[in-house]
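Please open the structure in your viewer and keep the selection tool at hand.

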Amino acid sequence: MKTVENTSNEPLVRVVKRSELPYGKTVLLRLAAVILSLAAGGIFIACVGQNPFVIYKTILSGACRSVMAFQGTVKIMIPLLISSLGVTLAFKMKFWNIGAEGQIIFGATCATFFALFCSGWNHVVLVAVMFLAGIIGGGLWGLLPAFFKVKYHTNETLFTLMLNYIALHLVSYLRDGPWMDPGSQGFPKIARFDKNASLDKVLGIQFGWLIALALVAGVYIYIRYTKQGYEISVVGESQDTARYAGMNVRKIVLRTMFFSGGICGMAGMIQATGSDITLTASVAGGVGFTAIIVAWLAQLNPVSILIVSFLFSVLEKGSSVVQSDFGLSTDCADVLQGIILFFILGCEFFVRYKFQRAKSASKKQTQ
């Protein structure tokens, strides 16, 4: 008798998809990820010479310690929540819309045209037109990659990503040229909007937060209880099945991407006219990319997106307070946020997949 090692090329360890975990285990796994992220973040904070408990307490209190602080947190949350709802529609359809950033920017740009050149209109009419311009602008920016996807089978991930930079440079061109503020004495910037072209405030915050809450309910109902929402889910599961059921897949993809981009464009309009009161190259400020993380962490559930986007906003606002109170650089705050996100996103991997040792790679055959 002798043993012969298996010479198979199969790896020692492979990643396999899990069967669906029970709800309780999923909750425990995610809770463990949060605890580990806080522990790892605490180690980093200790390494830079600060007390982790004091820093974490400051983050929480800094976001909600006063009415003004809470209003600041909500202002951060508004564009993040709306754009997260926007990308959710595309992701439900398995259309990888990485272009929320560009859709936000272009929606804000379209709304800015009316804010700058039609500021004498009736306030209600002007705001309504700017909302419409933001939605249509963002929708068209989302419709463009969808058209090329259904017509020429282009890669929507790359297409939507590249459109982000085109929208960004378009704002730079307008800022440095046609729309440059004539009173800026040569400094490249777009003029501040008149009060008539700015969003009104409700409870001390621009009323975009009311729009955001209404969208949470609207997107939830649209996805769960409408025919179009059902069609989105079917197309996301299998386009062949959708076609077999008599669905017009091209129409569904184009319509859904227009809605997805339109919601993101609305976020840009609200940010430009409600918070910034002008158009800048940083009107999106990375929100479009963060929205992707928020949407996936929330499992594409609009109600969960509301909660996750609020927690992200607390972290963002609280980190800015930590910078000012303890003299930490912005890089430290970004590293802390990155550590927390790393653990939470890593948790989602283990919810869906597991490592399995390949049996054939460890066996020995006996002759």
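The stops below cover the nonpolar cores, the aromatic pairs and the pockets.

This is a predicted model, in which local features need pLDDT of at least 70, side-chain atom pairs count only at pLDDT 80 or more, and totals for chains, interfaces and linings use all residues. Residues are numbered from 1 along each chain as its sequence is written, and side-chain values use heavy atoms, with hydrogens and water left out.

**The cores**

Select I82, M93, M130, F131 and I270, the residues with the most contacts inside the largest nonpolar core, which has 79 residues. Such a core is a set of buried Ala, Val, Leu, Ile, Met, Phe, Trp, Tyr and Cys residues joined through side-chain atoms within 4.5 Å. Buried means under 20% relative accessible area, exposed over 50%, and partly exposed in between (1.4 Å probe, protein chains only).

Next, centre on I270. Its neighbours within four places in sequence aside, I270 is in contact with residues including I78, L199, Q206 and S275; contact means heavy atoms within 4.5 Å. Then select I45, I59, V322 and C332, which belong to a second, separate core of 10 residues.

**The aromatic pairs**

The whole structure holds 17 aromatic pairs. Rings of Phe, Tyr and Trp (its six-membered ring) pair if their centres lie within 6.5 Å; planes under 30 degrees apart count as stacked, over 60 as edge-to-face and the rest as tilted. Select W96 and W296, a tilted pair with 5.9 Å centre to centre and 35° between the planes. W96 sits in the loop between helix 3 (67–92) and helix 4 (100–117), and W296, 200 residues apart from it, in helix 11 (residues 287–297). Helices (H or I, at least four residues) are DSSP runs, numbered from the N terminus. W96 counts as partly exposed because its relative accessibility is 30%.

Move to F113 and F117, another tilted pair, at 5.3 Å centre to centre and 50° between the planes. Both lie in helix 4, 4 residues apart, about one turn of the helix.

**The largest pocket**

Finally, select R30, L297, V308, I344 and E348, the closest to the centre of the largest pocket among its 42 lining residues. Helix 1 gives the most to this lining, with 9 residues. On a 1 Å grid over the protein atoms alone, a pocket is an open set of points where a 1.4 Å probe fits, with protein on both sides within 12 Å along at least five of seven lines; lining residues have an atom within 4 Å of a point.

Definitions and conventions. Helix = DSSP H or I, 4+ residues; strand = E, 2+ residues; numbered from the N terminus.
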